[in-house]
Every structure is written in C-alpha cells, then in structure tokens.
Amino acid sequence: MNEIFIQAANRVNNPAIEEWKAQGKKVIGLVCSHVPEEVITAAGMFSYRLRGIETDSTSIGDTYFGPFICSCPKAILENAGRGRYNFLDGAIMVQACDSMRRLDECWRKAGEDYANIVPSFFHYMGVPHKVTDYAIAWFAQEIEKFALALTEHFGAPSITPDSLAAAISLHNESRRLLMDLEALRNAGDPPLSGEEAMTIILAGTAMPKSVYNPMLAETIRQLSGKSAGHAGKKRILLAGSVVDDLGMFRAIEAEGAIVVADTVCFGSRAYDGLVAEDDPSYTTLARRYLNEQFCPRMFGYYEKRLEVLKQKIETAKIDGVILQNIRFCDLHGSENGLFERDLEALGIPCIRVEREYGPLGDEGRVRMRVSAFLERLSCPPPPGTGVLKRGFSTGRPPPAAREVIRHARSIEGIQLRLEPVEPVLRSVQDGRRHTKGVRPDARTHPEFSGRHRAGHGHGRARAALPERHGQVPGGGGHGP
Amino acid sequence: MGKYLEEVVTAHEKGKKLCMTTFCQSPAIFWAMDVVPLLMEPMTVAGSLVRKGGANEFMDYCVEAGFTETSCSSQRGALGAYLAGLAEKPDFVVIDTPGICDTNANSFSFAAAYMKLPFYQLNYPPTLKDERAEKYHRDDYRNMIAFIEDQTGNKLDTARLAEVMTEMEKQDLLICEIQDLQRLVPSPVPVIYNFFIYGLRFTMGGRKEVTDMLEAMLAEAQKKAQEGKGAIFSGPEKARALFIYIDHYAINVPLWSLLDERGVTHLGGILDRFYQADAPYAGDDGYKISTDSLDAMIDSLAEANSRLPMVKQIRGPYDAPNMWLEEGLGLAKMYKADFCVYSGTPGCRNTWGMVKLMAADMEKAGYPTLVINADAFDDRVESWEQTRHRIEEFLEVRRLV
Amino acid sequence: MMITAGCDVGSLTSKAVVMRGNRIIGTAIIRSRTHPEKTARQVMDQALKMAGVDEKDVAHSVGTGYGVEKIAFVTARHSEIACHARGARFLVPTARTVIDIGGQDCKASRLDENGGVLKFLANDKCAAGTGRFLEVMAKILNLSLDELGKLSKIARAPVTLASTCTVWAQADVIQYLNSGETVADVGAGVNNAMASRVASLANGVGVTADVCMTGGVAKNQGVVHALEKLLNERIVIPRKADPQLAGAVGAAILAREIAEGSK
C-alpha cells in the first residue's frame, strides 16, 4: 500500500498537500459531493473534501451547533476550530443537507472567537433537490457564479471551455480508474480488503488528481490478478450516511467479512457517472452533478436509487447489506428503512445500524451488531421467513388503532373505507385474494366496513415525475 | 377545523382527489382545483390536542415502518396513521419543503415511496428576492400545476382560481389589520388569535369560512383596541413575547392558558407571518395578489407560497438578507417584544443547527431569549409540566413579569 | 453426557451456566468488576462449584458479552444476540420474539421457526428503556426495584412521564412528588414509561407470538404488564431458570452444538 495513500486517508493534512502549497498553489475545501470539482481544478487549484477525522471530542462543534445534530459537521468544525484547516485557502459551504449547510454560519461565528480559522474565500452554494430543465439551468448559473467568485477572489485567470475540458478529462480519468478499482473488488477473489480499498479512495479526496491518478493507475496494475485470501468471506455492501474514516470498515472486516461495494458519499457516489466530454460547460457539469447523485437529499428518486443498489448487489455478488446512518441523519436513516423492506422482500439480508460519526463512533457496538448479522448470513433461515411483515404483525391492529376505527364508525355519516396499505392481516391473506393482483379484498373482512374501491392505481409505482415535467430529455447517463 | 376534517374524510366519496401536503404550502391552489389538501402537521396537532397520549402511537408506528425516530414529530404524528393504512389513502403527494427543511421533505418522500404515491416537490433556492430565485419560483409553480392537472384530469379553472384568490386577498387584508393592531401596547389581540390565524390559513386559506372567522376576530380586536385595556383575560398586560419559531401543542392548549394567566401577550411568530405587501412588517418584501390574468394569478401564488412560514426565512444562512435573524430582529422591534421564545422539536435539524447563534444575537440586541428543549408535539420528550416550569422560571429569573 | 459451559460478561453483571446435556447443573450471577477476564474467571468458578464439576470436565464453553475477547478459557465466542436467542428458545421453546432488558442495554430479536435470529434491534447507548432507568427512578422514590415493580398494581392514576430521556424523566418524577402525586401513581408512571420505550424497540423488529422476556427487568411485574398491554401480546417469563441467565444458557447450548458438530 502506497504510504502517501495511508497518510492521506488517515490524516487531515498530508505531504501531497504540503507540496502543492509549497508551489504556491491553492487548496479549496468542500463539504459535499455535489460541488463540481472540475471548476476548482480548471482554476488551477485543488479540491479537498473536508472531514471530521482525528477528532476526539466535539466541544467546539457543540458550542455553536445545537444538540440533535449529525456529528459530522460538528467534527469538521472541531477541526476548523483547532486550526487544523488553516492550510485551506478557501472553503465552499453547500446547501447539501440541513445539518451540513449550517456549518456555514457556525464556522463563521466560531471565526469570531477563534482567530484565523475562516479561510479568506468562503462561499455558499445552493443545489437543487431535483432534476428538471430549470433546475439544471439554475444550478449551472450557480456554478458559474461560484467559478467567477473563485477566480476573481484569487486573481486567477478566468475559466475557459479549454481549461474546463482539461479539468473534466482529468476528473473523468480518476473516475474511470476508481471504477476499475471497483471492478477488482467485485471479483470473486478480491485482491484487496474493503479497508484497503477505502484507503485508496479516501486518499483521492485529499490530494490533487494530477498527482493521484498515476499513483492510482500503478496501484491497480499491481493489484490485478493478485489474491489476498479474501475469497470465501461474506461479501458486504455498505450503504448510508457519510463514511470517511476507516474505523467502520475495520469494525466490519474484523468480524471476518469483506466490504466489496458501497453507495456512500466518499465512496462510489463520488465516481459513479462520468461528466460528458463533448461540451465543456457549466450546464454539462450541472447535469452530471445533479443526475448522478445517490443521495436521499434528492427527494422522490427512491425507486431509481433502489435499482442502482440492486444492480450493485448483483454485480458484486453481495451476501448482505449493512445500512448504517449517523444518529440524527433523517435522510439516510429513513431511506435505509425503505431499502431494508424492499431488499429483504427480495431475499437479500440487511441490517440497519445507527451510530455516531467516524472517530466518535463506538466500534464495540458496531461490531456486536455486525457479528450477529454475520451469524445470520452463515445460517440462513428457511425460505420466506426472512420477509418482514410490516404493520400489525399479530394479525390485529393495536389497541389505539382499534379505538380509532370504532370511534370513526360511530360518527354519523362517515363511511369508512379502510384499505391496508400492505396486506398485513393474516385472516385476509389466508382467505381471499384480490383478483386484480396482490392486494387482498378488505371489503369482505369483518373488521372493516364501507366500500372498497378496486384498483384505481394502487401498485402504480410512480414516485417521481421528472420525465414528464420538463426534465432534460436523455439528460446524462445513469450510473453503471 | 371540523369542516376541514369533514372535507378530508369525505373527499373520495365526493369524487375529489386527496393530496398529502405540508402546512407551509398554500392550500388555495388545491381548493381551486377541487383537490382536498391533507395537511400532516395540523392533523398531528389535532391529535395532540384532543387525544389522551396525543398522536404518540402513530409516531411510534412510523418507526416500526422503518422511519427514523429522530425525524420531526410534526409529520410523524399523523403520518403513522397513514402509513398504517388506518385513514383515507391519499392520491398523491405535493410538498414545498426541499431546500427549506430536509426532515419535512424527507417525511413526505418517504411516505410517497412507502405507499407508492406520485410525488411532486416544489424546490426552493437559498435566496428569496433575486431575479433567478423569482424565476425559479414561477417555473416550479407552473410545473406543479401541470402535475396536479395530470393527477386529477382537471384543467386549472381560471374563474375558480380567481374566486379563491379574491377570497384569499380579503383574508390577507383582514390578517394584516389584526397584525397591525397587535403593535399597540397593550395589544388588543387575544393570545390565542395567532394560533387561529395560522390554523385557518394553512388548512382552509381561500375559502369563505375563513373570511367569516377573520372578520369576527378583527371586530373583536378593534373593540378591545378602542377600550384600550388589552386582550389578556386574566388582567393587565405585563409582558410581550415573540415566539420566534413555533408554539407548543400539548393537550388542551396549555401554552396559551399559561401565557394569559401570567399576563403575557403572544405576539405571534414565524407561523403567522405571511408577508403580504400590506403587512406592517413586510417592507419591500411582500407579495401582492393579482387576478388580472391567469399568468398574473399563478405568479402571485408562487410569490405568496415562497413567503410562507419557514419557506421564506430558513432557506438560507440565518444572517443573510431576508432570512431568520433579520426577520426576528425586525419583528421584535416593531412589535415591542420584551422577550423571545424558541419552541420547536428535536427533529428540527435546520434550526437546531444554529439556534444558539440566533439566541445569542437576539440577546445581544436586548431581547432575553428562552430556548425550550422540548418537543412541541410529543410530550414524552419533556412533559408539559417540565416545560411550563422552565417558562415560569425564565420569566422569574429574567424579571419579565 | 457432555458437559458444556456458557459465560456472559456484561458491563454490570456477569453470568455463567454449566449444563450436562440438556440440564442446567450450575449457575452464577455476580457484579462485574473492572477486568472482564477476572470477572469471567470468578463467575465461572462459582458456577462450576455449584455444579460440582471440574473445569477439565467441561467439553466446550462459549463466551459472549462485551468483554468476551478477554476471556481466555472459552472455546468459542458468539454474539449476545445469538446466545440470548438460543437461551430464550431453550427456556421458552415457543418463543419467536425475545426482549432482553439488561442493566445497561435493551435488545429485541425476532426468531424464525428454528430459533435463528431474523432481525434484531438494540439500544446500548441510552439509559431510557434499560434497567438503569428503573434504578435511577427507584432511588428517587426511595424504593427497591422489587417494590417499584409492584406499584403498578395498586396505582389509581399513573402519571405520564417523559420517557425519551432519563435525565428529564428524573426531573418529572421530582416535580410530581412535590405536587403531591402518590408514590404508587408515580411509580406506575415510571414502569409505563419504561415499557413504552421498550415497546418501540420491540415493534421495530415486528412482534410475533410467543413473546419471551429475559434479563433482570423481566422480574418487574409493572413493566411486564404495561408492556403486554402496549404490544397486545402475552409475555412469557422463563421459569426454568432466572431470566437473567438466558445469555449464558444460550452460550452453553451453543457450546454443545459446536461440540456435536451441528453448528
């Protein structure tokens, strides 16, 4: 393992950054995978992903952020407050998720109490939460605004289609190489562990791509065709909240499994999907950075993400999925619930783990859960028993619900038409089957009264409307 | 409220579509398109106020369904019932909180994915008044209308819309007048009126029943203004409180009883300020309703929607122009607040991310500010007795009454 | 008949069980000390003494719990979840849902027909919903845990307590006592608050009959009854052995299965 990769993955600062700065070049920090790094590269600078690693407390973070907040931005602020990010020349705050976007105010306020911790270039960038033609247009303008502010602030030459094209090409090269790395991991006998793979991937976020790409290419070359004794281990896919430290991988792999794929922010989310190279413009960047994000902050695209996840599970021959979220991360925390339901229904074992961020997390707790999960993977239950029956699993609604139904029936003039969202009542399931498909006919069940309206679109799985309402036709590719 | 609930429960019977939506979305467009808006948060409040144990079982059910426990309880209370299939099933989901509040938007996108419902989001940029933002508001709003037309099979009826918006305009004026009177010392506006104003606006804004109620409320406030004695039933006004965020909804509305008891005027908060151009606090930021043409109507609705509670002021950094701090300070000054109160829920990632900064700034500006750690919709987090205790302690220690 | 042993090292208490075939012949429960290996040694020796066997007679032993890596003398290690599930199934053969409330954590598991764990959830971060919650409240009410458990039966109007946070619930309890609420009503409120936290966890895995409760809190009648009401299910408390021993029992059974090659 390349020594510089190890340093870059585990430390906030590293020799590659120092060397870059020694040449008089600038380092710009960012907090979200939605920020188009190509702009920074085209301006002759390098984009560095901010992390909260190496912290052992959040005393500074807690002073500004309130409680009930994801510990990731708090840990980043902790590092900033302790001066560990003083090497940054600029930072971009992003309307990523609610916890992360408040890093903007908290960092600036902390800057009033701790000298010199706010970089001279401190920019706030908005990002839409959906993909439509006007959203892409707006985002393209936002990117342009950022590009202008960046070059003006530092007196750097303006970004041209040529410099942008070169940057796109460089970043795409990283992406292709990382996809090659992913292919190695997907093999039946991966030549490297998940921890090692993540080390390599993390390193890429903390060093200039021009330095990283050749090292990465060399590493891949060395790994190809090798065996490292990982064949036969349980193959895990890691999904959920940001994981930018190796602790989580260590915890999982110490129990004897191997993490061969992921959908997390510092992992595949950053490299899945190339930027189109035929038209170097802010609009092209906007398209890729909005379309190719496996992030629940893009509301209404669950079905699409589920498909991507299923594809990865198949390609990497996954035995089990670990769905983790940082406590207070509502976005991943809830989507993990949906994934669990839908993947388990397909017979893919899942476990949800809630934890604190990175270095503040408790490895022991995670290992306990992983170990129990792996035991389950080793002794699979009889077929069909893994399926979770959501809802009133005893076959009767709980007392509170029965009270509601009884009361509602007693109100004059109210015809209660109750439809179980999912077929949960055992007696209904056992008995009648709805002729139109899966839904049981609640009409004939003694618990219910009222009319049942048959098949008016139930099961129509349209969770989002971007295709109908103005999305750029054929905009961008959709991942692997 | 009764009328509203009746609309919700009988929507399908009457052949109307039921749209699951959020409180900070203007319902006018739905009423105009013959769609019944099903608002999650007011439903949760209804549950909290009248049921023993509130809407807690349903909040817990959300967790059983796979939703996170830490998500805002304001949606979870009603959401649980819908996820469990205990209530009228909505036909589609339309929200306007992406860009404003993740946890809110997430609740609805979860519900849509869970119940396999068509979903539309109005998405807001982080600024309010620049040309790009305004163009985005208008484009997005039109797209939403197209979505609703698609879902219902009905085209937007211009005459019907004009009718609803004319009514809304009347209501806006009435609200502005009441809120103008509220500036008087002592305030002639009874403590509970703020709650009524936003309760009505969120659920039935644009409908005649609301106009009637507002007229009655204004008449009462004017009467009290003439009498000059204030509107506290228990006695004279002793202090004026600006609730910079939301209220607290434990059973039997004890917050308002407490305030009245202690002689504290409730100056309202984020939930009842809608930024009509005629509002005393709106300055240049207000919207004007125009019924001149279909385009003008849609544009003014888009503008109105972009200025709704939360949608307006928590979309960007708190100290940016038009955002929360500027608003809080402006209102506190204009309404001569003696102190401020922040009441919310642990699920509010957005405000908990910077409420300490906000409170510090308000204090620096001379307004003692109480930050309540309770959950406005779930008293299992902190019982009302405890919350009450904290409020009273604050009033005493800061010598406010 | 094969002799096996199970050792469950927890943060508050440690348990050991010795079995001959399918019969429990020795048990021990002691308070955990700072060094898990010392505690494990001590509790195992006690159980062996009670069983009247020597350590060399033990064919296999399984360790579990948070300190398990430190225990040198076990043949194998398994997760607490697996051990509790096994133990609960042995003590209550029809168990499909296991709720284990220990001193410092709370776990719920759903099992398949063969006793394999399908899904589990654990709260090992927060005192609310664990034995600790009851300990803290009992102290304020000046009662033993036993007495606290019995209060639900005689309460007339149990109070509603904040149940999400132990610290805030404490403040509530004091408030209620000061306002003149009876100890019985407050105590019952405590048991109900506890049950509601646990119910949330249990519902998260999907409650399926029969529901079995293990761990020390299973001995608190008030919590058990409140939980039964909330889950709308009868809860079976193991009678064959102290419910606190379920983990160690399961470990001993797993030890036998490993030895017999069936695992």
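**Entry 1: helix H11 of chain A**

I looked up what covers the buried residues of H11(A), and the cover includes helix H3 (37–42), helix H9 (161–186) and helix H10 (194–205) of chain A. I note at the outset that this model is predicted.

Which residues of H11(A) are buried? I found Lys209(A), Tyr212(A), Leu216(A) and Thr219(A). Down the axis of H11(A), these buried residues keep within an arc of 90°, so they line one face of the helix.

H11(A) runs over residues 209–223, which is 15 residues. At 1.5 Å a residue the span should be 21 Å, and the end C-alpha atoms lie 20 Å apart, which agrees. Just after H11(A) comes Gly225(A), with a positive phi of about 80°.

Next I went through the backbone. Most residues other than glycine have a negative phi, and most peptide bonds are trans. I wrote down the exceptions I looked up.

- Glu54(A) is not a glycine, yet its phi is positive, about 65°. I located Glu54(A) in the loop between strand E2 (46–49) and helix H4 (59–64) of chain A. Buried or exposed, or in between? Glu54(A) has 17 C-beta neighbours inside 10 Å, so it counts as partly exposed.
- Lys116(B) also has a positive phi, near 55°, and is a residue other than glycine. I found Lys116(B) in the loop between H6 and E4 of chain B. With 16 other C-beta atoms within 10 Å, Lys116(B) is partly exposed.
- Val185(B) and Pro186(B) are joined by a cis peptide bond, with omega about -5°. Pro186(B) sits in the loop between helix H8 (158–181) and helix H9 (193–204) of chain B.
- Ala209(C) and Asp210(C) are joined by a cis peptide bond too, with omega about 0°. I placed Asp210(C) in the loop between helix H6 (183–205) and strand E9 (211–214) of chain C.

**Entry 2: two packed helices in chain B**

Two packed helices are described by the angle between their axes and the distance between the axes. I looked up both values for H4(B), residues 56–64, and H5(B), residues 73–83. The angle is about 75° and the axes are 7 Å apart. Angles of 65 to 115 degrees count as roughly perpendicular, and H4(B) and H5(B) are therefore roughly perpendicular to each other.

Which residues meet? From H4(B) I listed Phe58(B), Met59(B), Tyr61(B) and Cys62(B). Their partners in H5(B) include Ser73(B), Arg76(B), Gly77(B), Ala78(B) and Leu83(B). Sorted by class, this contact has eight nonpolar, three polar and one charged residues.

**Entry 3: where chain B touches chain A**

How many residues does each chain bring to the contact? I noted 62 residues from chain A and 56 residues from chain B. On the side of chain B, at least two residues each come from helix H6 (102–115), strand E4 (119–121), helix H7 (131–152), helix H14 (349–352) and helix H15 (355–364). H6(B) gives the most, with 10 residues. By class, the side of chain B that touches chain A has 29 nonpolar, 15 polar and 12 charged residues.

Key. Residues are numbered from 1 along each chain as its sequence is written. Chains are lettered from A and ligands numbered from 1 in the order in which they are written. This is a predicted model: local features need pLDDT of at least 70, side-chain atom pairs count only at pLDDT 80 or more; totals for chains, interfaces and linings use all residues. Two residues are in contact if their C-beta atoms, placed from the backbone, lie within 7 Å. Helices (H or I, at least four residues) and strands (E, at least two) are DSSP runs, numbered from the N terminus. Ala, Val, Leu, Ile, Met, Phe, Trp, Tyr, Cys and Pro count as nonpolar, Asp, Glu, Lys and Arg as charged, and the others, Gly among them, as polar. The expected span of a helix is 1.5 Å times one less than its number of residues. A residue is buried if 20 or more other C-beta atoms lie within 10 Å of its own, exposed if 12 or fewer, and partly exposed in between; C-beta atoms are placed from the backbone. The arc is that of the directions from the helix axis to the C-beta atoms. Axes are lines fitted to C-alpha atoms, for helices over the stretch in contact, and angles run from 0 to 180 degrees between N-to-C directions. Angles under 35 degrees count as roughly parallel, over 145 as roughly antiparallel, 65 to 115 as roughly perpendicular and the rest as oblique.
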